[in-house]
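Here is a short briefing to read alongside the model. Take a moment to look it over, and then we can walk through it together.

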Amino acid sequence: GGPPRTATEQGQAADTAAPEGTPVGVALEISPVDASVIIDDEVVGKAADLGKVYALAPGLHTVVVRHPEYETYRVEFSVTDKTETLTIRLEPRRDQ
């Protein structure tokens with residue numbers, strides 16, 4: 001037979017997960033900074049008011065960015081165990 005195998009899965013999981021207390025979610029970099037941000041159909045505020053990382057549960061989420069002088073931007077993204085950065089630049093509206 002040989003020596004018995006030892007389980008190493010617990011040790012591996014600890015290396016890849018975020019440190020305890022680190023929020024997982026999305027880091028939003030949005031211009032213009034006074035655009036309204038809607039995450040999962042909930043208005044979360046102006047881009048400038050959001051913290052560095054907006055905490056979200058892992059899974060699929062939708063971000064909509066609106067500004068009266070710019071085209072509305074909508075994107076779906078997945079949250080994993082790492083924080084993703086979304087850089088969103090709104091295009092000026094052409095119908096003015």
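Which residue forms a salt bridge with aspartate 81? That partner is lysine 82, with the closest N and O atoms 3.9 Å apart; a salt bridge here is a side-chain nitrogen of Lys or Arg within 4 Å of a carboxyl oxygen of Asp or Glu. Please keep in mind that this is a predicted model, in which local features need pLDDT of at least 70 and side-chain atom pairs count only at pLDDT 80 or more, while totals for chains, interfaces and linings use all residues. Residues are numbered from 1 along each chain as its sequence is written, and side-chain values use heavy atoms, leaving out hydrogens and water.

**Salt bridge**
- The count under this rule is one salt bridge.
- Aspartate 81 counts as partly exposed because its relative accessibility is 38%, and the partly exposed class lies between buried (under 20% relative accessible area) and exposed (over 50%), using a 1.4 Å probe and protein chains only.

**The sheet**
- Four strands make an open, antiparallel sheet in the order E3-E2-E5-E6; strands are DSSP runs of E with at least two residues, numbered from the N terminus, and two of them pair if DSSP finds at least two bridges between them.
- At the edges are strand E3 (42-46) and strand E6 (70-79), each pairing on one side only.
- On average, neighbouring strands of this sheet are turned by 20 degrees against each other, direction ignored, with axes fitted as lines to C-alpha atoms and angles between N-to-C directions running from 0 to 180 degrees.

**Strand by strand**
- E2 pairs with E3 in the antiparallel sense over four bridges, and serine 36 stands opposite lysine 46 in E3.
- The hairpin of E2 and E3 has two residues between the strands, and aspartate 40 takes a positive phi near 50 degrees there.
- Four bridges also join E2 (residues 36-39) to E5 (residues 59-67); isoleucine 39 stands opposite valine 63, and valine 37 opposite valine 65.
- Valine 65 also has tyrosine 73 in E6 as a bridge partner, and E5 and E6 are joined by eight bridges and by a hairpin through two residues.

- Beyond its neighbours within four places in sequence, isoleucine 30 is in contact (heavy atoms within 4.5 Å) with Ala35, Val37, Ala47, Val65 and Ile88.
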